Structure formats: C-alpha cells, structure tokens
Amino acid sequence: MTETLANKLANPLAARDHARAMGGTVVEAMPLLPPVASDLPADVATDDLLWEETIAAGGYATRRLPRGGRLRLIDLHGDACASLLIFNAEMPTERLSFADTVKVQWNAYLGQGKLLLSDMGRVLMSLSADDAGTHDCFAGTSNAATNAAKYGNGSNSGPYPNGRDRFLLGTAKHGLGRRDVHACVNLFKGTQIEADGTITPVVGPFAPGRSVVLRAEMEVIVVIANCPHVLDPRPDYTVTPLRVTAWRGPVTPLDDPIRTATPEGLRAFLNVEDYFRR
C-alpha cells in the first residue's frame, strides 16, 4: 500500500468507500460466492455445486461436505501441495489415520481406487479419480520451526507460512484446536521409500492441470493447506495455486468397484454402513 493511500484510508469514511469499491473484484485466489464452475462433469447439475475456490500459494481452506459429495482438486500450475486433514463431521474425534490408510490396504502409495481411512476403521473418503499419481502418506507438513530454518521465517502472518499453522486456522473454524491437528496426507507431492528406508521426495514441478477427485463416504470436514512440501529440496518457498471444487453426489452403491475391490476395503465400507444404520 502506498503512503498516500495509507494516509487517505486513515479517514474511516474514505476507508469505507475504498472497501466498497472493491466489491466485485475478482482475483485468482479466492472463493466464489455463490459457487460457479464452468467445467463441471457433464452429469453434475449446477444446483449441486457446493464449493468453488482457488487456494493461494501458502493459503488454506476448509468446508463441511455431505456423504456422497465429490471434492476435486486441480494443481493449476504444476507446483501445488494439497496437505489434507479429514474429520467425521458428526464426531470429529474420528479423523484421518494415515497409519490405518497404509496398513489396511497393504499399500503405502495413494492413487485411483485407494481409500482414506479413519482411526475407527471406516472410509472417510475414496480416490475416485487421479491423474497425478504423486502423493505422500509419510512426511506430514511443515511447521514454524522447519520453515524458519529453511526460509528464515515460518510464522503464520509472515511471508513463508507453514502447513501446521494453516491447519490450526482451518480447524478453529469448526471449533477444533491444536490437539485436533493430526498427521496429514499430501496430494500432488510424493515420496518414495527406498530399500534402506530413506524417504526420497518427489516434488516436481509437474505438468499443470493434474487433478484428483475424492468421494466423501461419510459426512466430513476437510481442511486443506497449500504450502511447500516439508521435504522439498528447493531453497525457495515454491508452491502455486490450487483449485478446489465440490458438488453433491450419490452415496456409494453396494456394487461400486472401489467398495468391492478388496476384502479389507469392503470391511471398511461395511463399517461405514453400520455407522449410518444406528
């Protein structure tokens, strides 16, 4: 802000007029209210659109989504990192467990058809589509100390915000606190576990426009932080905007191929169905 403008805005009436003049301004990173998306799947009605937002580099967003809702994430410029927390919206003490996600599926690498499981053995969300293929269940997200050590400043209000503090802001909007910020998964940035146990980051940059679609198998709260991957070896704070779109959809049918793909996955879906039978 220029000094002249700052002096002008010291007058409350001038500040009000300036703020009102900003109405209707559209920038790349912002939520759209009401949500508008021109690229919905052909079978999705406009009235079913729930959420349309572009999350800035270093930003965060959060929403409550209904069972059956779809959440599409698009890495617009090839360098987004969608760190994700998920909660059972009715009982937030139940939340995403990357340990259960990995061990129940006998697989440490996420992709199309994989499940995101809770610590109660239920499917919170499933990956119904994925053309990225580089995701991470191991490294977690950055914090103030890691960003301060790498970039010189890791504070929430500074130039290099960290993922954990962004999660704190997002969870607070749902009445949750520090103890509710659990281990996350990272979408669009991957890790490779080597034979000797070393974790090798796979962070790009990648081709722009890669996408993931998650299907909500329960009513969920999602919190997304878009900060550089904690293991990104590049010295600069490197992350680009992330587009998020959500819409209503049908509850997963009994013959769904993701539901029936494995005995372990089917049991996790049965646990969900038992929960909603109460």
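Start at Thr191, in strand β9 of this predicted model. Strands here are DSSP runs of E with at least two residues, helices are runs of H or I with at least four, and both are numbered from the N terminus. Thr191 is buried, at 3% relative accessibility. Buried means under 20% relative accessible area, exposed means over 50%, and partly exposed is in between, with a 1.4 Å probe and protein chains only.

What does the side chain of Thr191 make a polar contact with? The side chain of Asp136, at 2.7 Å. A polar contact is a pair of N or O atoms within 3.5 Å; within protein, one must be able to donate a hydrogen and the other to accept it, and residues adjacent in sequence count only if both atoms are side-chain atoms. Leaving aside neighbours within four places in sequence, Thr191 also has contacts that include Tyr109, Phe138, Ile199 and Leu231. Contact means heavy atoms within 4.5 Å.

Tyr109, Phe138, Ile199 and Leu231 make a nonpolar patch of about 300 Å². Patch residues have over 30% relative accessible area and no salt bridge; like charges are joined within 9 Å, and nonpolar side chains (Val, Leu, Ile, Met, Phe, Trp, Tyr) within 5 Å. A salt bridge is a side-chain nitrogen of Lys or Arg within 4 Å of a carboxyl oxygen of Asp or Glu. Areas are Shrake-Rupley with a 1.4 Å probe, and for residues only the protein chains shown count as cover. Tyr109 sits in the loop between α3 and β5. Tyr109 is partly exposed, at 33%.

A quick word on conventions. Residues are numbered from 1 along each chain as its sequence is written. Local features need pLDDT of at least 70, side-chain atom pairs count only at pLDDT 80 or more, totals for chains, interfaces and linings use all residues, and side-chain values use heavy atoms, with hydrogens and water left out.

Next, Ser142. Ser142 lies in the loop between β7 (135-136) and α4 (144-151). Is Ser142 buried or exposed? Buried, at 2% relative accessibility. A polar atom of the Ser142 side chain lies 2.9 Å from the backbone nitrogen of Gly163. Beyond four places in sequence, Ser142 touches residues including Asn162, Arg164, Cys227 and Pro228. Ser142 and Pro228 are 86 residues apart in sequence, yet 7.8 Å apart C-alpha to C-alpha.

Now the sheet. Five strands form an open antiparallel sheet, in the order β2-β12-β4-β8-β7. β2 (60-65) and β7 are at the edges, each with a single partner strand, so one side of each has no neighbour in the sheet. Two strands pair if DSSP finds at least two bridges between them. β2 and β12 (220-226) pair over six bridges. Ala61 stands opposite Ile224 in β12.

Last, backbone geometry. Most residues other than glycine have a negative phi, and most peptide bonds are trans. Trp106, in the loop between α3 (98-105) and β5 (115-117), has phi near 55°. Trp106 is exposed, at 70%. Phe188, in the loop between β8 (185-187) and β9 (190-193), has phi near 80°. Phe188 is buried, at 0%.

Two peptide bonds are worth a look. Leu33 to Pro34 is cis, with omega about -5°. Gly204 to Pro205 is cis too, with omega near 15°. Pro205 is in the loop between β10 (199-202) and β11 (210-216).
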